[in-house]
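Try each task before you read the solution.

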Amino acid sequence: MSRKEFSLKTEDENEIVEAIRIAEKSTSGEIRVHLEKSSGAQDIFERAMDVFHKLKMDNTKEENGVLIYVAVEDRNFVIYGDKGINDKVEDDFWESTKDVILEHFKKGNFKQGLVDGILKAGEQLKRHFPWQEDDENELSDQISRG
């Protein structure tokens, strides 16, 4: 990520939450954003998996949760998708989504990176897990913090 400080104003956070709501309107998939200072001594991918389980994202009906985990001070992030979505998307999907986010992060535009990443993930979820009339929002859309 960029050398600029990663910070989100309240209105930025609101736009990120709104992007999650927009993305989830057309899919049964669930998207969460989790921010924390650092993944600590733990490998960032392992930490993202821990957060994924802690947020109960592995309990969705169709195993189609997607976590965007950001370790702010480490200047690193992971996109972690549950088994249901990983079984259906192309092999390079998460890399292409990560590239969209990273492009903005390098410019110091953290909010837009998250918004665009969320919307891209939502498009893919919509293709593989279209919204059905009986779908419920299974997880909070709010940004979580560690």
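Within β3, Val-70 has Phe-77 as its bridge partner. Before going on, note that this is a predicted model, where local features need pLDDT of at least 70, side-chain atom pairs count only at pLDDT 80 or more, and totals for chains, interfaces and linings use all residues. Residues are numbered from 1 along each chain as its sequence is written, and side-chain values use heavy atoms, with hydrogens and water left out.

**Exercise 1.** Work out how β2 and β3 are joined.

Step 1: Find the strands, which are DSSP runs (E, at least two residues; helices are H or I, at least four), numbered from the N terminus. β2 covers residues 65-71 and β3 covers residues 76-81.

Step 2: Look at the bridges; two strands pair if DSSP finds at least two bridges between them. Here six bridges join β2 to β3, and the strands run antiparallel. Tyr-69, for one, has Val-78 as its partner in β3.

Step 3: Check the connection. The two strands make a hairpin with four residues between them, and Arg-75 in the turn has a positive phi of about 55°.

**Exercise 2.** Decide how covered β2 is and which way its residues point.

Step 1: Apply the cut-offs: buried is under 20% relative accessible area, exposed is over 50%, and partly exposed is in between (1.4 Å probe, protein chains only). Seven of the seven residues in β2 are buried.

Step 2: Sort the directions. Gly-65, Leu-67, Tyr-69 and Ala-71 point one way, while Val-66, Ile-68 and Val-70 point the other way.

**Exercise 3.** Follow β2 to its other partner, β1.

Step 1: Count the bridges: seven join β1 (residues 30-36) to β2, and these strands run parallel. Ile-31 sits opposite Val-66 of β2.

Step 2: Trace the chain from β1 through helix α2 (residues 44-54) to β2; this β-α-β crossover is right-handed (with the strands pointing away from the viewer, the path from the first strand over the helix to the second runs clockwise).
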